[in-house]
Amino acid sequence: MVQEEFVPIRVVCLGLLSISKLGKGQHNYYLNLAREDYYTSSSGGEPEGVWLKTLGAAKLGLKGKVLKQHLRNLFNGFHPDGTPLVQNAGRPDRCPGHDNTFNTPKSVDVFALLSPEHIQKIARQCQFESVSETIQDIERKVARCRRGKGGARWESCSIVVAAFEHATSRALDPCLHTHCLVLNVAVRHDGTIGALDSKPLFEYKMKAGAAYRVRLGHKLEQRLGLKLNWHGTTFEIAGIPRILCDFFSKRRQVIKKELERKGLKSAVAAAVTAIETREAKGKVPPREELVRQWSIRT
């Protein structure tokens, strides 16, 4: 059974961090992939979503596992209990929010997902903490909303973020990444709710991506004793063969070939081509089965 296609309305690709505008109903894409027993279930899937520890989530009483109805309500502008939070709650033209996706470097994909389970858990925890801390940066430094008649003035606010960890690309290669659904629910200091201004998210994306990469690299160094080759704020794990990383980068190869065919080189062209060439993500096998298949192929 093919899962619902996820087609972002607007995408800014930055290698390890991308931001896309969410469309109505796209929460089902993440909910349909998520399973509590993702390691061993014969139905496959990905881990269930969790609410990140933000001030906005705390003010709305959201913590731990993402419940389907709570996410659906917030996507549509309602409180988790179903009461309206904003004036346009439930309207079909309402923007639900933005997906900030944090992708680990390819050498981390290969190392983390082909290692023994206890190593995988440490690497995944490093990813989760790095993402969570960066989202807290975004909340503290750039989150804002409008206030007053016609939105005449700006003010800082708290945010609500549902995080979903995925471990595969659409080509079912190792691809550890975290979708952070930054919902269009801005919690003001007085407890009232407004619409989140998305412009600062895009303006801050370079700094957010750099901060995430540095955090992730340092955690991997400290907790797993890995040697990293740093290039500014980007890195790769020393000793992971480039040929192996390329072997598990089928989506990248498809995009590269299509860009070469069109004679294009820009980042914008790459982002558009990524959307044009993507296929619907089908059924995701259990992670144990994927690891077995990846190991055989190496």
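**The second largest pocket and its surroundings**

In this predicted model, the residues lining the second largest pocket split into 6 nonpolar, 4 polar and 5 charged. That lining is made up of 15 residues, and those nearest the pocket's centre are Pro47, Val50, Arg124, Phe128 and Glu165. Two elements each give two or more residues to the lining: helix H5 (117-141) and strand S8 (161-168). Of the contributors, H5 gives the most, with 5 residues. As for the space itself, the pocket's volume comes out at about 320 Å³.

On one side of the story is strand S3 (residues 50-51), which pairs with S8 in the antiparallel sense over 2 bridges; here tryptophan 51 sits opposite alanine 162 in S8. S8 also runs antiparallel to strand S9 (residues 174-183), and 7 bridges join the two. In this pairing, threonine 168 faces proline 174 in S9. S8 and S9 make up a hairpin with 5 residues between them. In that turn, leucine 172 has a positive phi of about 60°.

Then there is helix H4 (residues 106-114). Since 8 of its 9 residues are buried, H4 is largely enclosed by the rest of the structure. The buried residues in H4 are Lys106, Ser107, Val108, Asp109, Val110, Phe111, Ala112 and Leu113.

Notes. Residues numbered from 1 in each chain as written. Predicted model: local features only at pLDDT ≥ 70, side-chain atom pairs only at ≥ 80, totals over all residues. Heavy atoms only, no water. 1 Å grid on protein atoms, 1.4 Å probe; cavity = no way out; pocket = protein on both sides within 12 Å on 5 of 7 lines; lining within 4 Å. Points joined across faces, edges and corners; volume = space filled by probe spheres on them. Helix = DSSP H or I, 4+ residues; strand = E, 2+ residues; numbered from the N terminus. Nonpolar A, V, L, I, M, F, W, Y, C, P; charged D, E, K, R; others polar. Buried < 20%, exposed > 50% of the residue type's maximum accessible area, 1.4 Å probe, protein only. Pairing = 2+ DSSP bridges.
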